[in-house]
Amino acid sequence: MAVHVDIDRCIGCRSCEVACQRVHGGSCHVRVHFVGGIASVPIFCHHCEEASCIIACSFGALFKEGDRTAFDVEKCTGCGLCSLACPFGIVWTDKIAEKCDLCDGRPEPTCVATCPADALSADGEAAPRGGQVRAGRSASSGGTR
Amino acid sequence: MTKVLVPTVCPYCGAGCGFFVAVERERAVGIEYMPDHPVGEGALCSKGNASLEILHHQERLTSPLKRKGDGWAKITWDEAIGLVARGIGEAIRDYGPDSVAVLASSKCTNEENYLIQKLARLLSTPHIDNCARLCHAPSVVGLNRTLGAAGMTNPIPDIANSRCIFIIGSNLAENHPVISRWVHRAKDAGAVVIVADPRETHTSWMADIFLQLTPGTDVALLNGIAHQIIEEGLIDRGYIAERTRGFEEFEGSIREFNPERAAEITGVPADDIIRAARAYASSPASTILYSMGITQHTTGTDNVQAVSNLALITGHLGRPGTGVMPLRGQNNVQGACDMGALAEFYPGYRRADDPGTIEHFSAAWSAPALPTGPGLTAAEMIGAAASGDIRAMYIVGEDPANSDPSSLSVKRALEGLDFLVVQDIFMTATAQAADVVLPAAVWAEKEGSFTNTERRVQWSFKAVEPPGSALPDLEIICMVARSLGLDFDYPDAASVLAEINMTVPQYAGITRERLGKEGSLVWPCPSPDHPGTPILHSSGFRLADGRASIVPVPYRPAAEGRSPEYPFLLTTGRVALHHNAGSMTRRSPSLIGRVPDLFAEINPADAEKLGIGDGDLVTVSTERGEAQAAARLTEGMKRGVVFMPFHFPGTNILTSEAADPEARIPEFKVCACRVARRD
């Protein structure tokens with residue numbers, strides 16, 4: 001399970017970042033990247049099936065809990081190996097590791113609920129919409145349409 | 001511990017998203033979304049998510065202040081109100097009521113705006129306005145003339161029913177982010193999206209057809225599109241015959257305006273103009289969304305009329321998925337206008353120069369000597385302050401020292417007033433020029449109704465107390481009015497809304513009780529059993545014979561063009577993470593942290609010639625002054641054009657005071673400038 005992005009819909013407003021920061025005591029676990037000025041892609045933790053960050057963590061602070069890659073703050077030493085291991089650059093270390101917890105305890109991830117453009121979903125099984133595929137192609141070729 | 005969820009309306013843009021403020025032990029501790037809200041469906045943009053940062057901000061004004069030397073002294077409310085009564089009273093006594101001007105606030109509630117304009121008019125000054133002047137005055141003038149009503153014709157969610165969405169002069173993806181979801185819903189069902197803008201924006205990312213026009217050439221583009229629609233016979237003859245007047249004259253006026261001619265002026269390829277014309281005219285339901293890219297011009301009223309001409313000749317009005325949609329920028333700019341906080345209109349858009357209006361309100365308010373308008377508009381007040389015709393001003397929740405064009409001269413004019421009282425939540429640049437500053441409450445610290453851009457009136461509830469001795473604007477206005485001898489006896493917002501129900505016909509059925517029970521109502525709602533009117537003009541227009549006017553609109557160039565000394569065109573606008581003059585968002589850590597500084601977008605080819613690299617500090621100068629900004633090189637910028645957001649104090653030092661002759665809106669979107677690297 002992870003947050004899925006419809007690049008066609010993303011408007012680069014960074015609401016997901018601000019909302020994430022709001023509910024996580026000031027730390028933000030999303031980064032919106034811009035391609036060619038107007039295409040934008042928020043990068044979230046993929047909650048990988050075989051998560052490199054878990055393998056890298058010597059202290060058992062990162063572990064699988066169902067589909068989620070969970071994090072135990074008590075065990076984290078802030079060594080930063082998980083940040084180095086993450087292939088998407090979306091786990092970072094600021095004294096301790098910071099990563100997406102899919103808003104544990106809330107009915108859905110806050111970024112999904114707040115996205116003004118309805119670009120995010122927690123349901124990866126949903127059929128691709130309208131221009132999603134075309135948008136992905138044009139973002140990967142420099143972000144022009 | 002009990003957590004209470006208090007429903008409020010977002011204090012930022014005109015979309016009117018709702019959210020709950022979570023309150024624990026009388027403190028706002030969080031935000032909960034509102035999934036059943038008709039516009040946002042629970043979504044909230046970055047500014048809405050950051051709104052509580054303003055509520056608890058350490059720089060909030062917490063006590064009335066008076067100027068003392070170079071600094072400020074805290075004073076009691078009694079002393080402050082006494083000083084205000086004396087300052088305004090002396091101006092009236094010595095120079096007459098005409099020497100006093102009042103600026104109402106498109107951030108305040110309907111009830112507060114109603115009282116502010118009533119206060120001004122009971123003092124016998126016609127000079128009342130609000131910053132709608134700087135955003136949608138041309139919509140008020142133009143659409144009242146052509147369609148007989150100035151609001152958005154259709155609701156925001158109805159955009160999903162459209163099959164062609166023409167967005168011109170609006171970067172809604174950044175400025176009204178939630179509207180994007182409705183555009184995308186239409187796209188999912190096959191709608192074509194056309195975007196016209198001098199810049200590639202996050203809105204143009206949604207476009208199927210992108211028309212990158214030169215700033216200030218909107219009339220040429222719209223006339224070219226209209227020409228092609230007529231040429232190809234794509235007009236709705238039945239609609240034109242039954243519902244409109246003026247078509248023949250209009251047709252004659254654009255006979256020469258073929259797409260090639262439009263292409264020459266706008267810089268948009270003629271083929272794209274033809275594609276746009278076909279897409280808009282031939283779809284079963286097309287809508288036009290526009291914003292300040294249309295209005296903030298010396299041709300603002302013309303632009304608006306050219307937009308409404310397109311809708312009228314194709315009959316794209318009065319049905320689901322159609323419409324003319326001015327997107328308004330502030331949470332209650334629609335309401336402030338509805339309430340008559342405008343130089344040329346009393347409440348309910350009754351003309352201020354009509355003796356019938358004066359008679360009506362004289363009776364309603366038991367006031368024998370109401371002023372006939374139009375009074376001075378927001379920008380004209382500043383000019384009159386500079387010339388000494390205006391001696392005293394009462395400014396509520398507005399920051400003209402940052403938001404008006406040519407801001408250095410605005411500051412000088414404000415400082416030259418005999419008396420200035422500013423009522424706000426922070427010490428803004430305008431408040432810095434005041435004699436007395438009154439601390440006000442923010443949205444969640446008071447209650448009242450707000451009207452969003454689609455004419456939806458919503459009640460926002462009080463969640464927490466204001467900080468220190470700050471007070472809700474409604475209470476402050478009543479204190480000021482009473483100190484000036486007026487009988488303002490309003491215990492709460494509900495009692496003011498009850499008076500609005502009596503005096504503003506569009507709001508007659510929008511009672512406090514119904515806003516509680518039914519959540520929100522869309523005006524016109526003429527009686528307590530009326531359901532409201534989400535779609536306007538479905539059975540004719542509120543004009544003579546029920547017909548709309550198609551108006552010939554000749555193309556006129558912008559007031560300033562490029563010159564050897566100033567070889568670029570500067571156009572201004574907004575970014576997603578900031579709002580207007582920035583007094584709130586520049587103080588909001590999670591927003592200012594993301595966009596910390598003023599920047600200037602420039603095309604890389606232009607930058608190369610000037611030896612400017614990405615991120616270099618540049619000086620942008622115009623005839624009025626200069627500002628520093630960081631260069632942002634982007635291919636999405638049209639050659640020869642520079643863009644700067646106006647959330648930072650530098651930008652409006654540069655902009656021009658040249659204004660639309662009718663609507664008096666300044667031309668923020670075009671002025672000639674020079675760019676140089678700062679070494």
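This is a predicted model: local features need pLDDT of at least 70, side-chain atom pairs count only at pLDDT 80 or more; totals for chains, interfaces and linings use all residues.

Colleague: What makes H5(B) mostly covered?

Modeller: The count does: 8 of the 10 residues in H5(B) are buried. To be called buried, a residue needs 20 or more other C-beta atoms within 10 Å of its own.

Colleague: Left-handed or right-handed?

Modeller: The H5(B) and H14(B) crossing is right-handed. On the H5(B) side, the contact is made by B:Pro138, B:Ser139, B:Val141, B:Gly142, B:Leu143 and B:Thr146. H14(B) brings B:Gly300, B:Thr301, B:Asn303, B:Val304, B:Gln305 and B:Ser308.

Colleague: How many of the residues in that contact are polar?

Modeller: The contact of H5(B) with H14(B) has 8 polar residues, 4 nonpolar and no charged ones. Gly counts as polar here, and B:Gly142 and B:Gly300 are among the contact residues.

Colleague: What follows H5(B)?

Modeller: B:Gly148 does, and its phi is positive, near 85°.

Colleague: Now B:Asp597. Buried or exposed, and how do you know?

Modeller: Exposed: B:Asp597 has 11 C-beta neighbours inside 10 Å, and the exposed class takes 12 or fewer. B:Asp597 sits in the loop between helix H23 (589-592) and strand S24 (599-602) of chain B.

Colleague: How many residues lie between B:Asp597 and B:Gly315 in sequence terms, and what is the distance in space?

Modeller: They are 282 residues apart in sequence, and their C-alpha atoms are 45 Å apart.

Colleague: What domains does chain B get?

Modeller: The domain assignment gives domain 1 (65-131 + 331-522), domain 2 (153-326) and domain 3 (568-677). Taken over C-alpha atoms, the centres of domain 1 and domain 2 of chain B are 35 Å apart.

Colleague: And for chain A?

Modeller: Chain A has domain 1 (1-44 + 108-145) and domain 2 (47-99) by its assignment. Between them, 7 residues of domain 1 are in contact with 7 of domain 2. The domain 1 side of that contact has 4 nonpolar, 2 polar and 1 charged residues.

Colleague: Which helices and strands does chain A have, in numbers and in order?

Modeller: Chain A has 5 helices and 8 strands, and along the sequence they run β-α-β-β-α-β-β-α-β-β-α-β-α. Of its 145 residues, 43% are buried.

Colleague: What makes you say that chains A and B touch?

Modeller: The contact count: 30 residues of chain B are in contact with 23 residues of chain A, with C-beta atoms within 7 Å as the cut-off. H7(B) gives the largest share of the chain B side, 5 residues. That side divides into 12 nonpolar, 11 polar and 7 charged residues.

Conventions:
Residues are numbered from 1 along each chain as its sequence is written. Chains are lettered from A and ligands numbered from 1 in the order in which they are written. Two residues are in contact if their C-beta atoms, placed from the backbone, lie within 7 Å. Helices (H or I, at least four residues) and strands (E, at least two) are DSSP runs, numbered from the N terminus. Domain bounds come from an automatic or database domain assignment. A crossing is left-handed if the near helix is turned anticlockwise from the far one by less than a right angle, and right-handed if clockwise.
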